[in-house]
Amino acid sequence: MLFNYLKIGCRNLLKNKGFSAINITGLAIGMASAILIFLWIYDEVTYEQFHEKKDRIYEAWNLASFSGELHAWNTTPKVLAAAIQKDLPEVETTTRAAWPQRIQFAVGEKKINASGQTVDSTFLQVFSFPLLKGDPATALMDPLGVVVTEDLARSLFGSNDVLGKTVRIDNRKEKKITGVAATPPVNSRFQFEYLLPWADLRADGDDDSYWGNNSVRNYVLLKANASPASANAKMKVLKPRYDNEDPNWQMFLYPMSRWRLYSSFESGKETGGIIVYVRIFATIAILILLIACINFMNLSTARSEKRAKEVGIRKVAGALRGHLVGQFLGESVMIAFIAGLLAVLIVVLSLPGFNRLAEKTMRLPFGEPAFWLLLLGIIVLTGVVAGSYPAFYLSSFRPVSVLKGTFRKINALITPRKLLVITQFSIAIMLILSTIVIRKQLQYAQERQTGYDKAGLTYMFMTGDMDKNYLLIRQELLQSGAAASVTKTSSPLTQNWSDTWGIFWDGKSPDDKTDFDRFSADENLAVTAGLTMVMGRDFDLSKYPTDSTAMLLNESALKTMGFKDPLGRIVKDGDMEFHIVGVFKDFILGSPYYPTKPMVVEGAKRWFNVIHVKLNNKNSVAASLKKMEAICKKYNPQFPFEYHFTDEEYDKKFANEQRIATLSAYFAALTIFISCLGLFGLAAYMTATRVKEIGVRKVLGASVSSITGLLTKDFLKLIGISFLIGAPIAWYCMHHWLQSYPYRTAIEWWLFALTGLLTAAIAIATVGYNAIKAALANPVKSLRSE
């Protein structure tokens, strides 16, 4: 019997090649889209899940009030690790990781810049980064040692057998390789090429016991049977025990299982994170697959007349309804199986492009049985869902009605087929409107005034002798005509490396906990960056030597301090005093989606890490960069010339939203394509069933336009109903999504009009082809038999 069902199914596929192709294509694209999305979801939910002790690993977080709002963040003091080890008996060990740095490794004449971190000696015992060479327990104990990855070892020595060999770091330290680590998995926050021991940071004088310096990440490994709740209760009161600055300051331990997906906090409470996008794209995957299934249902039931007599004869011959249901479900699963194989091929071909778009390295795990079981499950589920309604619908025909030809319901107001079309296009409209809103939000943020001039503005990180030779470098850059102006700063203009709540001024309330962005510059900051001064002047050390302790404020800081005449006023940052010499308009240092914070720019007494260069617009960019390279190599010969364009770095702030917008657009387009495939097939069949009616109308004088309108109006009614359902749902979802952005666009009426017109135009184009083709046909051919 099963063989007979398979043979009948194959005959039906070959007999109706057009409808079979539409069904298979729609299901294949739907399944391929779902597989790609589920690969992305799997990559996200498996972040850090390779660590053997992942269930016991936690990260220390701060929880404190600033500017009247509760904040949570995950950089904490260096001294915290020792306090945790001392006061929390639930803790097995702790480990710290400093901020990632890019440094130079040299072996002979070979020089390579590599990114990595300085970590505690226990780092490799807490986290599962296996060593190919060396002992994880001792590799980071040697103050003169360094752990490198296999890739870096091969780049430096041509082999990973490098244990005990010496490398020179930043042209000033000799280090012995004490371990060779495997390259970290891509789905980890720890992306390092080297690991330096904490003793190296201590030797440089960068270790401290100041509780106000929140500059590293502290990780905690709990004992096997320890209670996280008990440990957190002690963490809550830990800081006030050692630091009396704020008795309400709390800390807590955040589990590794939530780092990637949930670590977004507002007002001190967890509000989501990437899990929001995981849920959104999981929903999109299900909806795309559902639309493909609806295509199958609609086309199968629309062709019911073709198979009605088969059902009637089988029932007269004694077939039970259950047998017929099984037959039709079997046929749909067979079609789904063919579509599934085609879907795998589509995924294989599109995965490299999808990886580039998502900035991942996902792959299809063909060698894992779980993958094939999951794929088989998706195929069977798709086949059963797609074939369920047609199977029960076709098997419900009564033999007497079928054989008399009276089983069809003509012009019913509401039919399951109409409901399915409405559902399909409601989903499509939701995705189209959502994509337009995401694009509009991205454009809205991109068009926001940055507050500085990015054109021709470059920066270089200060390496080697650049700090020592800065004045010579600046002088030659200006004299050569490569630069219009030069300034030295603490960080790039696109990044915030420091903030503080320790700013004091006359009249400040004791309860004021305003958090200030902290920046530093030597001179010519305003002219180099193109800042707009609204009061006072820029730093000018040649004219005013005391500007080394001068300060600039942005307008938000001036408003916070409440000075009516700020020039000359004294402001303290810790134990240093600064005098205000100017006020500039706010510029975006952090996220373009958030309001600018109060900001202080401190003078040359502070630290510097970056040189900003405004290129001379009288020269070509290439010519200016060539001169810059020659000058930098002259005064910093041991290090390569590396530079960054500020506008390119600023554009990276939109990378996440750009990816989401692009992915949403692709999946919305696929949804529309699958929907139109089904609509095209449905329109073709419905037109074919009315061919004699059309012939009669033409004979009686009906025009081509009236017949076309007659055939398309019913579909447009369904599209209209779909819009009334899908648009409000999309508005609600997008309104909720936009609330996560303080600086956000508005959902205006024309977005709905554009979505409605776009959907109607697509539907008309899809249905119109068949309608016009039928209207132009010669009525003689359709009425010949009458």
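This is a predicted model: local features need pLDDT of at least 70, side-chain atom pairs count only at pLDDT 80 or more; totals for chains, interfaces and linings use all residues.
Local features need pLDDT of at least 70, side-chain atom pairs count only at pLDDT 80 or more, and totals for chains use all residues. Residues are numbered from 1 along each chain as its sequence is written, and side-chain values use heavy atoms, leaving out hydrogens and water.

**Stop 1: the whole chain.** Show everything as a cartoon. You've got 25 helices and 27 strands here (DSSP runs of H or I, at least four residues, for helices, and of E, at least two, for strands). Of the 786 residues, 50% are buried, meaning under 20% relative accessible area with a 1.4 Å probe, protein chains only.

**Stop 2: two helices.** Now select 470–479, which is H16, and 621–635, which is H19. Their axes (lines fitted to C-alpha atoms over the stretch in contact, with angles from 0 to 180 degrees between N-to-C directions) sit 10 Å apart at an angle of about 155°. That makes the pair roughly antiparallel, the word for angles over 145 degrees.

**Stop 3: a loop.** Next, pick Aspartate 170, in the loop between strand E9 (166–169) and strand E10 (173–181). Its phi is positive, about 50°, although it is not a glycine. Asparagine 171 lies in the loop between E9 and E10 too, with a positive phi of about 60°. Is Asparagine 171 buried or partly exposed? It's partly exposed, with a relative accessible area of 31%, a label for values between 20% and 50%.

Notes. Angles under 35 degrees count as roughly parallel, over 145 as roughly antiparallel, 65 to 115 as roughly perpendicular and the rest as oblique.
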